[in-house]
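Here's a quick tour of a protein model for anyone new to reading structures. Take a look at the picture, then work through the points below.

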Amino acid sequence: MSADIDESLTKLFQFYDTNGDGTLTKSEKLEADKRITGLLKEAGQGGSMRTEKFDSMDADASGGVSLDEFVASWKAKYSAYPPEMQTRMLGVLTEVIA
Ligand SMILES: [Ca+2]
């Protein structure tokens, strides 16, 4: 996993963490998925943002998702993809949320 991917995931997490408290709530997660899907559409990228279900991301069932949990769930979901593809996907995402 390259540093680029970690950096992009951190940016993505910050976008999700609307109130900046370092934890994603379920509603922040759902809202951000929706906002990103809209931004992707505007950018002509189509598709939709598909993160894991909140409960699977919240590994310790604390009711909030930390950066570590967010990164871990992303990596678990996309580890089957080649690194170039992960980098490309995250590039598109960080572009639309910038
Ligand atoms: Ca938050």
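Helices here are DSSP runs of H or I with at least four residues, strands are runs of E with at least two, and both are numbered from the N terminus. With that in hand, you can read the chain as α-β-α-α-β-α-α along its sequence. Keep in mind that this is a predicted model.

**Overall build**
- Count them up and you get five helices and two strands in the protein chain.
- A compact globule of 98 residues would have a radius of gyration near 13 Å, and the protein chain has 13 Å, so the two agree.

**Inside the fold**
- Of the 98 residues in the protein chain, 20% are buried.
- Take the contacts between residues at least 6 apart in sequence: 58% of them join residues at least 24 apart.

**Where H1 meets H4**
- Helix H1 covers residues 3-16 and helix H4 covers residues 67-78; their axes sit 10 Å apart, at an angle of about 120 degrees.
- Angles of 65 to 115 degrees count as roughly perpendicular and those over 145 as roughly antiparallel, so H1 and H4 are oblique to each other.
- The crossing of H1 past H4 is right-handed.
- On the H1 side, the contact uses Asp6, Leu9, Thr10 and Phe13, and they meet Leu67, Phe70, Val71 and Trp74 of H4.
- Sort the residues of this contact by type and you find six nonpolar, one polar and one charged.

Technical notes
Residues numbered from 1 in each chain as written. Predicted model: local features only at pLDDT ≥ 70, side-chain atom pairs only at ≥ 80, totals over all residues. Rg over C-alpha atoms; globule rule 2.2 N^0.38 Å. Buried ≥ 20, exposed ≤ 12 C-beta atoms within 10 Å, placed from the backbone. Contact = placed C-beta atoms within 7 Å. Axes fitted to C-alpha atoms, helices over the stretch in contact; angles between N-to-C directions. Parallel < 35°, antiparallel > 145°, perpendicular 65-115°, else oblique. Left-handed = near helix turned anticlockwise from the far one by under 90°. Nonpolar A, V, L, I, M, F, W, Y, C, P; charged D, E, K, R; others polar.
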